Amino acid sequence: VLTIGILLSVYYGHVVHDPDLPMAGGKPDNTRIFPYFVVDVMPGGLRGLVIAGVLATTMGSLGTAMNSLATSYCRDFHFRWFDTPQDDAARVRIIKLATVGFTLVLILVGLATAFVKAHNPSLSIIGIILGSFGYTYGSLLGVFIVALFTRTRGSELGNPIAMAAGIVAVAILSDLPNDLWRMMAG
């Protein structure tokens, strides 16, 4: 990805001066240069290969994420809370349903993110993504370290409580309640 960005920068900065290049604020719009290059500059066959490659990579990544989420949920929670079916076809059906469920959850998250971005154009999607890591990764790292370095601390009840407390602490320290109030109040 970085190599493509460098090559496009060299191409448009030193090789070609394209008046139709997408601009934002008097400078080339970095978020639209690659799609512009693919659609308007690349020859037809190569354009099709690049688009097919991007879609194949996206499908592979999404398929892996959905499979991992569904399998983890089913093995760690569903089959523990409910009876594990003896039939392989029934287990696969449950995992497929979990995949559909997680797909719908991620679609809702994507739609919510698009809604927030559409109503707050100054927000950066990268900032939103990195900000969400603060809520999840801190708690996960804490539970991991407790499990790694202690034998008597941490439990099936204590770990989720500690994770929830970590999420609440990050929310309060990052001023999330006030940000949500301002966003909802307009």
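A compact globule of 186 residues would have a radius of gyration near 16 Å, whereas this chain has 23 Å; the radius is taken over C-alpha atoms, and the globule rule is 2.2 Å times the number of residues to the power 0.38. The structure is a predicted model, in which local features need pLDDT of at least 70 and side-chain atom pairs count only at pLDDT 80 or more, while totals for chains, interfaces and linings use all residues. Residues are numbered from 1 along each chain as its sequence is written, and side-chain values use heavy atoms, with hydrogens and water left out.

Taken along the principal axes, the C-alpha atoms fill a box of roughly 65 × 45 × 40 Å. Of the 186 residues, 12% count as buried, where buried means under 20% relative accessible area, exposed means over 50%, and partly exposed lies in between, with a 1.4 Å probe and protein chains only. If we look at contacts (heavy atoms within 4.5 Å) between residues at least 6 apart in sequence, 47% of them join residues at least 24 apart.

Along the sequence they follow the pattern α-β-β-α-α-α-α-α-α.

Where do the nonpolar side chains gather? In general, nonpolar side chains in soluble globular proteins tend to be buried together. A nonpolar core is here a set of buried Ala, Val, Leu, Ile, Met, Phe, Trp, Tyr and Cys residues joined through side-chain atoms within 4.5 Å. The largest such core has 9 residues, namely L8, Y12, L21, I33, Y36, F37, V38, M42 and V50. Helices α1 and α2 each supply at least two residues of this core, and α2 gives the most, with 4 residues. Apart from this core lies another, of 5 residues, which include C74, F79, I94 and A98.

F37, a member of the largest core, is buried because its relative accessibility is 16%. Leaving aside neighbours within four places in sequence, F37 is in contact with L8, Y11, Y12 and M42.

The structure also holds 5 aromatic pairs. Rings of Phe, Tyr and Trp (its six-membered ring) pair if their centres lie within 6.5 Å, and planes under 30 degrees apart count as stacked, over 60 as edge-to-face and the rest as tilted. Because Y11 lies in helix α1 (residues 2-15) and F37 in helix α2 (residues 33-40), the pair ties together parts that are 26 residues apart in sequence. Y11 has 25% relative accessibility and so counts as partly exposed.

F77 and W81 form another pair, a tilted one, with 5.3 Å between the centres and 45 degrees between the planes. Both residues lie in helix α3, 4 residues apart, which is about one turn of the helix. An α-helix has 3.6 residues a turn, so residues three or four places apart point the same way. F77 is partly exposed because its relative accessibility is 40%, while W81, at 56%, counts as exposed. Together with Y73 and F102, these two residues form one aromatic cluster.

How far does α3 reach from end to end? At 1.5 Å a residue, its 38 residues should span 56 Å, and the end C-alpha atoms are 53 Å apart, which agrees; the expected span is 1.5 Å times one less than the number of residues. Helix α3 has a kink of about 45 degrees centred on C74, a bend being the angle between axes fitted to the seven residues ending at a residue and the seven starting there. The buried residues in α3 are V50, M66, A70, C74, H78 and F79, and they pack against α2 and α4 (88-119).

Helix α5 (residues 125-149) contains S139. The 25 residues of α5 should span 36 Å, and the end C-alpha atoms are 36 Å apart, which agrees; α5 bends by about 30 degrees at G134. S139 counts as buried because its relative accessibility is 9%. Apart from neighbours within four places in sequence, S139 is in contact with M163, G166 and I167.
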